[in-house]
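Please look at the model below before reading on.

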Amino acid sequence: MANPIYQKIIKNAVFNLNRFGESITYTPQNADEGKEIVAIVEIGETLQEEKAAYRTAAVSTNKTSDTAMFTVMLEDVPKPEAGDAILYNAERWIVRRVSLIDSVGGNVTVEAERKVRGFGR
């Protein structure tokens, strides 16, 4: 359960558009409309390699994608889950997993991706 004192301090200090916060629209997968909220955004790129168990080590499938971590307040997104959509800077991101829950501070970090590209080798 979130501590209301810590939650207020974190929200005022971090989830602030004048400091670290950025505006996003968060849409749960079963909702018709999204909600504009403040989030902490970290964007990067990942490369994942998957080797088939029945093939030799020389054959593998790779995928690269833009990835992002979005940290939001639990009061804004009480039940984040894979498949939710995030609109950030006119780009659509899909939540792949919940990465971290800060139950004391009342926030959650979700991992999202876009532009998934695959190639074999």
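Some questions and answers about this structure follow.

Me: What kind of model is this, and how are residues numbered?
Reply: This is a predicted model, in which local features need pLDDT of at least 70, side-chain atom pairs count only at pLDDT 80 or more, and totals for chains, interfaces and linings use all residues. Side-chain values use heavy atoms, with hydrogens and water left out, and residues are numbered along each chain as its sequence is written, from 1.

Me: Is N107 buried or exposed?
Reply: N107 belongs to strand β6, residues 107-120; strands (E, at least two residues) and helices (H or I, at least four) are DSSP runs numbered from the N terminus. Buried means under 20% relative accessible area, exposed over 50%, and partly exposed in between, with a 1.4 Å probe and protein chains only. The relative accessible area of N107 is 8%, so N107 is buried.

Me: How many residues does the largest nonpolar core have?
Reply: A nonpolar core is a set of buried Ala, Val, Leu, Ile, Met, Phe, Trp, Tyr and Cys residues joined through side-chain atoms within 4.5 Å. Those with the most contacts inside the largest one include I24, Y26 and Y88. The number of residues in this core is 16.

Me: Which residue in β4 is the bridge partner of Y26?
Reply: Two strands pair if DSSP finds at least two bridges between them. β1 and β4 run antiparallel and are joined by three bridges. The partner of Y26 in β4 is I86.

Me: Which residue in the turn between β4 and β5 has a positive phi?
Reply: Four bridges join the antiparallel strands β4 and β5. They form a hairpin with two residues between the strands. The turn residue with a positive phi, about 50°, is N89.

Me: How far apart in sequence are the parts that R114 and D66 tie together?
Reply: A salt bridge is a side-chain nitrogen of Lys or Arg within 4 Å of a carboxyl oxygen of Asp or Glu. The side chains of R114 and D66 meet in one, at 3.2 Å from N to O. Because R114 lies in strand β6 and D66 in strand β3, the pair ties together parts whose separation in sequence is 48 residues.
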